[in-house]
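Okay, thanks for coming, everyone.

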Amino acid sequence: MKMFAIFGNPVAHSKSPLMHNLAFRAFGYDACYGRYRLEEGSALKERFFELSLSGINITVPHKEHAYRACDHLDPFAKKVGAVNTIVERGGALMGFNTDAPGFLKVLGEFGPNRRVLFLGAGGTALSSAAILRDNGYDVSIANRSAPRLQQFAKEGFETLLYDEMEGTEDYEIVVNMTSAGLDDDSLPMDAERLEKILQRAEAAIDVIYGKKTPFISLAKSLGKTVKDGSQMLLYQGILAFDIFTEGRFSFDEIERVMRRAFIL
Ligand code: NDP
């Protein structure tokens, strides 16, 4: 039996074991998926082999360690510098990024070539911005502080500091890519400015899942179409499952069985 797991800290809340185990069982694939609270990111590779794993997903705060732990990288993971899926191949670790293609698929439902504003400039924003731009979206990045914006500016994205925004800029889709609202009840930026930005937008997406964040509540109160991060989670999981099982099952087949994790 092949063993897979999610590495993170904390991991107790993760839906990934349920998602993958439902799919392994539905397909009669001889594997199971657990969770492992990894305290030291630098020990990732050692733990992977000690636990005799075939593959892992990696969640906060270890995605950068995951990137560094890989012996080989898929071209997209290499380009964006972030890894959330690793498999063992011939004794070496091969890294992939399925978060960004998962997010691209979520945005696809809003139609092509949209003007998108990201609030937040972390690793998820960086990989998602790259894939959106490659697929024809116009992406601007806003953040509360300057340092993380530098990388985006270097890559040629429009970057803005919250304090410099007037709320009169036009974006069709506004995305909360920060962790504001994850463990607290905070908005990613001050309510007044955010309200102005959302007023002019069509839809709001939060990458946080499993709770109604203040960002989603505000957008909803303004009558906007809203979406939380559960669909992104589902899609990144389907793409990771496809890697774990080496392309044996179609996206739609995997989606049908994994979706059940969100009603259980
Ligand atoms: P990072 O830690 O790399 O980036 C965090 C970003 O959020 C930074 O821009 C930071 O600003 C900003 N930020 C943090 N706290 C606040 C706050 N209170 N107010 C305003 N800005 C804040 O995080 P990741 O990119 O790894 O993850 C971002 C989010 O995406 C997380 O909530 C994570 O759970 C979620 N996620 C969801 C997935 C899904 O499948 N649904 C998949 C992957 C991630 P600064 O630079 O100023 O510090």
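Let's begin at the domain interface. Across the boundary of domain 1 and domain 2, the rule finds 4 residue pairs in polar contact, with both partners at pLDDT 80 or more. A polar contact here is a pair of N or O atoms within 3.5 Å; within protein, one must be able to donate a hydrogen and the other to accept it, and residues adjacent in sequence count only if both atoms are side-chain atoms. When I say helix, I mean a DSSP run of H or I of at least four residues, and a strand is a run of E of at least two, both numbered from the N terminus.

Quick housekeeping. This is a predicted model, so local features need pLDDT of at least 70 and side-chain atom pairs count only at pLDDT 80 or more, while totals for chains, interfaces and linings use all residues. Residues are numbered from 1 along each chain as its sequence is written, and side-chain values use heavy atoms, with hydrogens and water left out.

Now, where are the domains? Domain 1 takes in 2–97 + 231–262, and domain 2 is 101–228; those bounds come from an automatic or database domain assignment. Their C-alpha centres lie 26 Å apart. As for who touches whom, 14 residues of domain 1 are in contact with 16 residues of domain 2, contact being heavy atoms within 4.5 Å. Together the domains bury about 1300 Å², and carbon and sulfur atoms give 67% of that. Buried area is the accessible area (1.4 Å probe) that two parts lose on being put together, summed over both. On the domain 1 side, Q231, M232 and Y235 supply 41% of what that domain buries against domain 2, more than any other three residues.

How many salt bridges does the rule find across this interface? There is 1. By salt bridge I mean a side-chain nitrogen of Lys or Arg within 4 Å of a carboxyl oxygen of Asp or Glu. Side chains of opposite charge can pair when their charged atoms come close.

The count of salt bridges by this rule comes to 16, and I'll pick out a few. K79 and D134 meet through their side chains at 2.6 Å, N to O. K63 pairs with D99, with 2.7 Å between the closest N and O atoms. That one links distant parts of the chain, since K63 sits in helix α3 and D99 in helix α5, 36 residues apart. D99 is buried, at a relative accessible area of 10%, whereas K63 is partly exposed at 22%. For those words, buried is under 20% relative accessible area, exposed is over 50%, and partly exposed is in between (1.4 Å probe, protein chains only).

Then there's E109 with K227, closest N and O atoms 3.2 Å apart. E109 is in the loop between α5 and β7 and K227 is in strand β12 (residues 225–227), so this pair ties together parts 118 residues apart in sequence. And E46, R47 and E50 are linked in a network of salt bridges; within it, R47 and E46 meet at 3.7 Å, N to O.

Over to helix α8, residues 191–200. Which residues are buried there? R193, L194, I197 and L198. Seen down the axis of α8, the buried residues fall within an arc of 130°, so they line one face of the helix; the arc is that of the directions from the helix axis to the C-beta atoms. Their cover includes β7 (115–119), β10 (173–176), β11 (203–206) and α9 (214–221).

Last, some backbone details. There's a cis peptide bond between N9 and P10, omega about 10°, with P10 in the loop between β1 (2–8) and α1 (16–27). Another cis bond joins V60 and P61, omega about 5°, and P61 is in the loop between β3 (55–58) and α3 (63–69).

For positive phi outside glycine, look at N113, about 55°, which is exposed at 53% relative accessibility. E246 also has a positive phi, near 55°, and is exposed at 60%. E246 sits in the loop between α10 and α11. T245 lies in that loop between α10 and α11 too, but T245 is buried, at 1%, and touches F24 and Y29, not counting residues up to four places away in sequence.
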